[in-house]
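These are my notebook entries on one structure. I set down what I looked up, in the order in which I looked.

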Amino acid sequence: MKQQQGFTLVSVMLLTVVAGVVVFTSLKDSIVQERLSGNFQKKVNARMMSERAVFAQAEKVQQQLHANPDADIDELVAQTEQAHSGSIHKGDLKYRAQLNKNGAGELEIAALGERYAGEAEANLVARYAVTSNGGYAPFNTAIVGCDGVLNSAGGNIDSYDSQQLDGQYGRDNASTQAHVKTISPNADIVVSGGSSTWGDVRATGNINITGAGFISGTVHANGDIDVSGGSSGDYTIPPGFPVKTRIGGDILAKGSVTYQGRHILGVVRAEQDVHFTPSFAVRNINNNGLAVLYGGNNTTEENNKDSIAGTNYKGAPYHQTVTVPAVPASNSEDPNHDPKDPDTNCDPYSLPSELAKLQQKLPRQGLNVTGWGNHAQFDDEQGRDSFGSIYMPTSTSILGRQYGSVYFLDDLIINGAELTIAKGDVVFYINGDFKLTTNGNSALNINEGASLTLFVQGKSQIQQSVNVLKKTLNSNKLPPFSLYSGYQDNSTATQCGGDFGVELSGTGQMYGTIYAPYSNVKFGASGELYGAIRGKRVSVCGDGDIHYDTALKKSQGGSLGGQRRVIFLGWQYKTPEELSP
């Protein structure tokens with residue numbers, strides 16, 4: 001019998017040692033990965049706790065406001081209990097909040113979230129306002145096109161707060177709250193120009209973005225989202241955004257997503273298909289799970305890969321069941337439907353019934369301010385024109401607000417002459433048309449502190465800017481110029497050459513709000529509009545800029561019912577002061 005040399009035993013021992021080294025190396029890597037994941041999870045949990053603190057504190061403010069409906073900001077700060085968690089899970093998860101009044105007179109909630117006794121912390125500072133008139137704010141969005149929005153312009157749409165810096169707008173104090181949305185079911189948004197939109201774009205139908213358009217926020221649709229072009233172009237982006245940004249937030253579609261052109265800073269979520277064309281990159285800067293998720297097919301060509309991640313996002317783990325929240329749409333059959341909610345109703349004021357009441361008021365006079373050198377002046381006591389005619393106002397309740405100086409007119413034509421609103425809050429009910437022409441010295445002037453509110457049954461043509469000395473709400477929280485149109489527009493076209501019940505043009509600057517839920521609205525100016533637009537369909541056609549004033553969320557133009565509410569204004573990007581224990 002052959003003597004054994006022990007080679008098999010040595011081989012097995014060597015293999016065991018090698019396997020052990022591999023196992024221990026893998027175990028070490030796994031431990032490192034687990035620690036990294038654990039640290040990230042701690043930070044996420046801390047962030048969630050800080051958000052929970054903000055919402056808990058806002059809820060306490062709303063409860064205090066319900067208990068004391070007449071409380072001002074200072075009283076709310078003094079009387080509202082500070083939110084804190086105590087201990088949520090064996091002392092691991094904690095939050096606390098602190099309520100203050102900031103320099104702009106708004107509620108400011110500073111929040112701190114903690115995990116594992118402060119091993120992970122997250123700070124947030126949120127700004128809130130209290131609606132002064134009770135209920136909802138009708139101009140809480142920059143542009144609302146209930147049945148559709150077309151933006152074929154080359155200007156910029158951004159936001160600012162006229163309650164700061166004495167009402168002055170500048171690119172250095174511009175913000176990203178100029179949101180654009182639709183309300184009616186299956187209403188589309190088309191962006192075909194090279195404009196920059198500093199806010200979210202949300203459609204109850206499809207969204208189609210071509211050209212070199214830039215969106216700073218989230219693009220969200222109940223249908224498909226198609227973004228093309230944009231691989232080159234010069235558009236204005238907010239400070240702090242990377243140069244190659246095309247979409248500053250997420251792309252969320254209950255349908256499919258087709259994308260080409262520069263970088264998406266957020267994530268892509270599609271319940272159906274996706275298709276990417278170079279150049280593109282989905283950067284997921286907030287580490288919100290996987291950069292791309294889709295529930296249908298990925299028809300991206302094999303070589304068309306993310307310029308940063310180096311993948312085309314095909315197959316697992318990107319292909320899985322995806323649920324995208326719906327953009328709120330008008331649905332009167334919903335048992336929870338609130339007809340006064342401007343987010344789900346094109347006309348929360350029920351304007352036709354309001355105008356029908358005004359139409360019964362008699363007598364009415366015509367006001368035709370025409371001819372070089374002629375002039376008319378109105379205030380809260382009387383009106384007078386160059387021909388010696390005197391106009392006397394009446395006190396009337398409109399949109400739930402009592403106006404003391406309401407004038408009833410058949411028509412208002414300003415052609416080659418001037419109309420001045422000298423003082424007070426003046427209201428014109430116009431049973432016919434309103435027209436401000438570019439002829440000669442045509443001018444509509446509104447003095448500082450005064451306001452003019454128009455309720456127009458017919459068409460409205462504003463061919464040049466309304467002259468407003470101070471672009472902010474007056475002391476009664478009213479915009480200097482407001483137009484409420486009851487014109488019934490049956491046209492379905494959203495092209496810039498179509499028929500419009502409300503049309504704005506001109507090259508200057510004007511501050512105003514447009515409320516036309518049954519009329520197509522065209523902003524075809526090359527100037528600047530400070531304010532907001534709500535229309536049946538809205539077409540932005542010129543090279544002018546639209547600057548949404550966030551102070552309009554606190555406007556008292558009319559009551560939409562309900563109790564006074566706490567509304568979110570935005571995040572304050574600063575380090576909060578140390579919170580009290």
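**Entry 1: Helix 3**

I began with helix 3, where L351, E354, L355 and L358 are buried. I take buried to mean under 20% relative accessible area, exposed over 50% and partly exposed in between, with a 1.4 Å probe and protein chains only. Helices (H or I, at least four residues) and strands (E, at least two) are DSSP runs, numbered from the N terminus. Viewed down the axis of helix 3, the buried residues fall within an arc of 95 degrees, so they line one face of the helix. The arc is that of the directions from the helix axis to the C-beta atoms. I recalled the general rule: an α-helix has 3.6 residues a turn, so residues three or four places apart point the same way.

I then asked which strands the buried residues of helix 3 pack against. They pack against strands 24, 25, 27, 30, 33 and 35. Contact here means heavy atoms within 4.5 Å.

I noted that this is a predicted model, in which local features need pLDDT of at least 70, side-chain atom pairs count only at pLDDT 80 or more, and totals for chains, interfaces and linings use all residues. Residues are numbered from 1 along each chain as its sequence is written, and side-chain values use heavy atoms, with hydrogens and water left out.

**Entry 2: N345**

I found N345 in the loop between strand 19 and helix 3. N345 is buried, at 9% relative accessible area. A polar atom of its side chain lies 2.9 Å from the backbone oxygen of D341. Leaving aside residues up to four places away in sequence, N345 touches I183, H337, D338, P339, K340 and R534.

**Entry 3: Aromatic rings**

I looked up the aromatic pairs, and the structure holds 18 of them. Rings of Phe, Tyr and Trp (its six-membered ring) pair if their centres lie within 6.5 Å; planes under 30 degrees apart count as stacked, over 60 as edge-to-face and the rest as tilted. The ring centres of F214 and F241 are 6.1 Å apart and the planes stand at 85 degrees, so this pair is edge-to-face. F214 lies in strand 11 and F241 in the loop between strands 13 and 14, 27 residues apart. Is each buried or partly exposed? F214 is buried at 0%, whereas F241 is partly exposed at 23%.

For F276 and Y313, the centres are 5.9 Å apart and the planes at 55 degrees, so the pair is tilted. I also recorded a cluster in which ring pairs link F139, Y349, F455, Y484 and Y515.

Notes:
Polar contact = N/O pair within 3.5 Å; in protein donor to acceptor, adjacent residues only side chain to side chain.
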